[in-house]
Amino acid sequence: MELTTIWFLLVAVLFTGYFILEGFDFGVGMLLPVLGRDDRERRVLINTIGPVWDGNEVWLITAGGAMFAAFPEWYATLFSGFYLPLLLILLALIARGVAFEYRHKRPEPTWKRRWDHAIFWGSAIPALLWGVAFANIFRGVPLDADHEYVGGLLDLLHPYALLGGLTTLGLFLTHGAVFLALKTTGDIRHRARALAVKLGVGTAVAAVAFLTWTLTIRANTAAITLAAGAAIALLGGLAAARARREGWAFTGTALAIALAVATLFTALFPNVMPSTLDPAGTLTATNAASTPYTLKIMTWVAVIFTPIVLAYQGWTYWVFRKRIGVTHIPTH
């Protein structure tokens with residue numbers, strides 16, 4: 001297997017990990033004003049992701065770094081053409097991170113309510129815009145012969161991209177609700193599980209519509225199989241949630257997200273950013289890649305350090321695996 005193919009797969013794996021792990025983070029943030037009826041319940045919700053949310057964002061940093069080093073042409077075109085949406089995602093993530101750290105600094109309800117808004121919007125905006133961005137990457141954007149983006153913001157806001165945004169928004173909401181049912185006790189657990197089932201119905205409709213539309217644009221046998229697997233995994237996760245099997249439900253929603261991302265990358269390959277103007281402007285895994293020597297060095301670095309990072313993050317989740325509830329939150 002060529003190194004360009006290996007690194008295309010690694011970028012896909014990194015984004016998959018990011019969407020699975022940060023996906024439930026986003027879901028919890030968006031559900032904060034829905035499931036948190038008072039300050040103690042909202043603190044429970046925040047504490048379910050408190051030990052892991054910043055570690056989950058490392059997957060995005062690593063994916064961006066891998067894209068920059070392995071496919072600099074892809075990185076340059078993507079970040080220049082999608083500058084405004086990616087800037088909004090960055091600002092939302094910054095506001096969200098600051099909110100987690102500052103919310104508890106003062107006891108006034110108004111102070112906490114403002115940071116709760118920051119957590120909500122800091123989760124909802126990326127959840128929506130990541131779907132819009134990846135739908136555009138898959139469908140293609142106006143690139144000239146020099147691989148430069150020549151469109152505007154409105155070129156990114158077509159129906160297919162907006163449906164992609166609604167799909168990721170729904171998937172992350174459902175994934176977050178299932179995660180809360182898995183990580184909490186008492187009334188919050190029951191309400192989260194019931195909400196997951198309700199959200200999942202609408203999410204399933206949007207996801208099936210989006211994946212079907214995706215396969216009409218560009219598809220192969222493997223992509224069709226993965227898309228079918230994603231739909232089955234989501235429905236299985238919802239069935240498990242209804243049966244009060246939160247562990248299996250979380251596995252189902254996580255697998256659905258993984259297979260949906262795999263569908264996009266599988267159908268996209270060997271392209272990394274198709275051009276809607278001229279096929280000559282299309283970026284591929286070959287013409288967007290770094291030199292073979294650079295890819296070789298990067299591969300050795302990844303082989304050495306990736307297992308260490310995965311082991312550390314897995315250990316973190318194991319240490320903080322227990323459920324929490326309002327009984328664990330002091331009244332003052």
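Ala, Val, Leu, Ile, Met, Phe, Trp, Tyr, Cys and Pro count here as nonpolar, Asp, Glu, Lys and Arg as charged, and the others, Gly among them, as polar. The model is predicted, with local features needing pLDDT of at least 70 and side-chain atom pairs pLDDT 80 or more, while totals for chains, interfaces and linings use all residues. Residues are numbered from 1 along each chain as its sequence is written, and side-chain values use heavy atoms, without hydrogens and water.

**Stop one: the cavity**

Select Phe-134, Ile-137, Phe-138, Leu-264, Phe-265 and Leu-268, which line the largest cavity. Helices α6 (109–139) and α10 (246–268) are the elements that give two or more residues to this lining; helices are DSSP runs of H or I, at least four residues, numbered from the N terminus. By class the lining has 6 nonpolar, no polar and no charged residues. The space in the largest cavity is about 40 Å³, and the count of cavities of 30 Å³ or more is 1. A cavity is a set of points on a 1 Å grid over the protein atoms alone where a 1.4 Å probe fits but cannot get out, and lining residues have an atom within 4 Å of a point.

**Stop two: α1 and α3**

Next select α1 (residues 3–35) and α3 (residues 53–70), whose axes come within 8 Å and cross at roughly 155°. That makes α1 roughly antiparallel to α3, a term for angles over 145 degrees. Axes are lines fitted to C-alpha atoms over the stretch in contact, with angles from 0 to 180 degrees between N-to-C directions.

Now show side chains: residues of α1 including Trp-7, Leu-14 and Phe-24 meet residues of α3 including Trp-53, Leu-60 and Met-67. Contact means heavy atoms within 4.5 Å. By class, the contact of α1 with α3 has 15 nonpolar, 3 polar and 3 charged residues.

Technical notes. Parallel < 35°, antiparallel > 145°, perpendicular 65-115°, else oblique. 1 Å grid on protein atoms, 1.4 Å probe; cavity = no way out; pocket = protein on both sides within 12 Å on 5 of 7 lines; lining within 4 Å. Points joined across faces, edges and corners; volume = space filled by probe spheres on them.
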